[in-house]
Amino acid sequence: MTKFLLLPTTLSHQLSMSLGYAEKLSYIEDVGNVGMAEHFDPSHVLREKIDQLAIMIKKSKHLVVFTGAGISTSCGIPDFRGPKGIWTLQREGKALPEASLPFHRAVPSLTHMALVALEKAGILKFVISQNVDGLHLRSGIPREKLSELHGNSFMETCPSCGAEYFRDFEVETIGLKETSRRCSDSKCGSRLKDTVLDWEDALPPKEMDPAEKHCKQADIVLCLGTSLQITPACNLPLKALRGGGKVVIVNLQKTPKDKKASLVLHGFVDKVIAGVMDQLNLQIPPFVRIDLFQIILVQALSNDKRYVNWTLQIASAHGQRATLPFIESVEVSFLDREDYKAAILDKQPFRLKRRTAYNKAFEMVLKLNFSDGCGCSSLEIDVPVDFKVSMDCFDFNKDFIFQKLRDKAVLKSKCGQNAVIERKTILTPRSDVTTYAVVTNVVQYSKTIISNGDHKKRRASLSGTGSSRKRSKGSSKCKSRSENTKG
């Protein structure tokens, strides 16, 4: 059973996702070859190889993709073994790179989204990843078609019932340890565990078995952005050879498996995949990120029943022990009520306590100020309050609402679209809970990629509102008056 709380990652001097993972790992002296030189095929040679790869993929009956850190470098996540890799810099005693955006706001690369298109077209049958950044799942690859061999920094799992919880924040531990949260299934309630492996942890059969099965069935295993050094994962692609399949490697560094490969391309993964998609005449879909939050009103009548003592909470949909990483502050104001004092909530948990007359309805305006890495700076939501009227409870068709939000976001090429996906009332203490979904990033992908051999800081060519750069003061604001109350 899989439970996904969508998402797929404040601009501070936080470490990027790879750095955070690397620092949590147990220390070992030997991490393999690091500081590996990058190689670039001449442009005309790379073009010929891209055409050859496109033909192979077009003829493929069972394509499997095997990914490493190299597919996420254009997302602002450094690799491990390259000239500026984490382990390379650590071994040289140099300072580690700073993150260009919070790791929980990392946006899938062109390659991530191209794989989504290949899967939807029926060409790509399975993805095997050594990455823990969660970007494959966030991009839209179905969970049942993905093996995350080394875990997922944003995933918790229940050891009792097997439920999975995909978070919008990085889980605080690694090494399959217990976290601070419990399974939300009322029949279970067990303590959850993280899914990221430490050095001494064996690859979980749940991920390894389907990966091995699909590699044996594959006529092509396409290895993208991996040095193929970490065992036993690096041996998986070779299992295709026994059944007559082929191995293709796209990587900037040479790998120990190059001699076994039918085709080796030395070039930026995004450039290669963009060329392949062009040859296959397949569009790369935009990435739309939808995040969830809850507005909770807890109320209690005074003894004389003339007043209501109430508390407003803007909370995570992932439970009380979870923070809201994409909301920086909340400004609360009241329409047409000069006697109600406005407030700014700038520390989590976002909570406001007030006392008002029981028989007076009013309307609050909540301005949610988003953290850096989101595509728009803020969102305003009207919240009508009438303590004499019970809130209607609804559980909307979430999949339909999510798709509607995505369609609107892509059409307008901006974020901020939002909708209610659930309303419920908890009797003790009396709490009205409304869950919202809001589009916080929209990214369009261009097939025009930097030329091979360009050693400048590289990113997929992106347009839209998914930029990882810090927003200016004039960034867009999104206002909601009607969408937030409709399913």
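User: Why does C188 count as partly exposed?

Analyst: This is a predicted model, in which local features need pLDDT of at least 70, side-chain atom pairs count only at pLDDT 80 or more, and totals for chains, interfaces and linings use all residues. Residues are numbered from 1 along each chain as its sequence is written, and side-chain values use heavy atoms, without hydrogens and water. Buried means under 20% relative accessible area, exposed over 50%, and partly exposed in between (1.4 Å probe, protein chains only). C188 has 25% relative accessibility, so C188 counts as partly exposed.

User: Why does C183 count as buried?

Analyst: C183 has a relative accessibility of 6%, so the term buried applies. Among the residues that C183 touches, beyond those up to four places away in sequence, are C158, C161 and C188; contact means heavy atoms within 4.5 Å.

User: What does UniProt list for "binding site"?

Analyst: The unreviewed UniProt entry lists C158, C161, C183 and C188; such annotations may be inferred rather than shown by experiment. These residues span 31 residues in sequence, yet no two of their C-alpha atoms are more than 8.9 Å apart, so they gather at one spot.

User: What makes helix 2 oblique to helix 7?

Analyst: Helix 2 (residues 43–59) and helix 7 (residues 269–280) pack at an angle of about 55°, their axes 9 Å apart. That angle makes helix 2 oblique to helix 7, since angles under 35 degrees count as roughly parallel, over 145 as roughly antiparallel, 65 to 115 as roughly perpendicular and the rest as oblique.

Conventions
Axes fitted to C-alpha atoms, helices over the stretch in contact; angles between N-to-C directions. Helix = DSSP H or I, 4+ residues; strand = E, 2+ residues; numbered from the N terminus.
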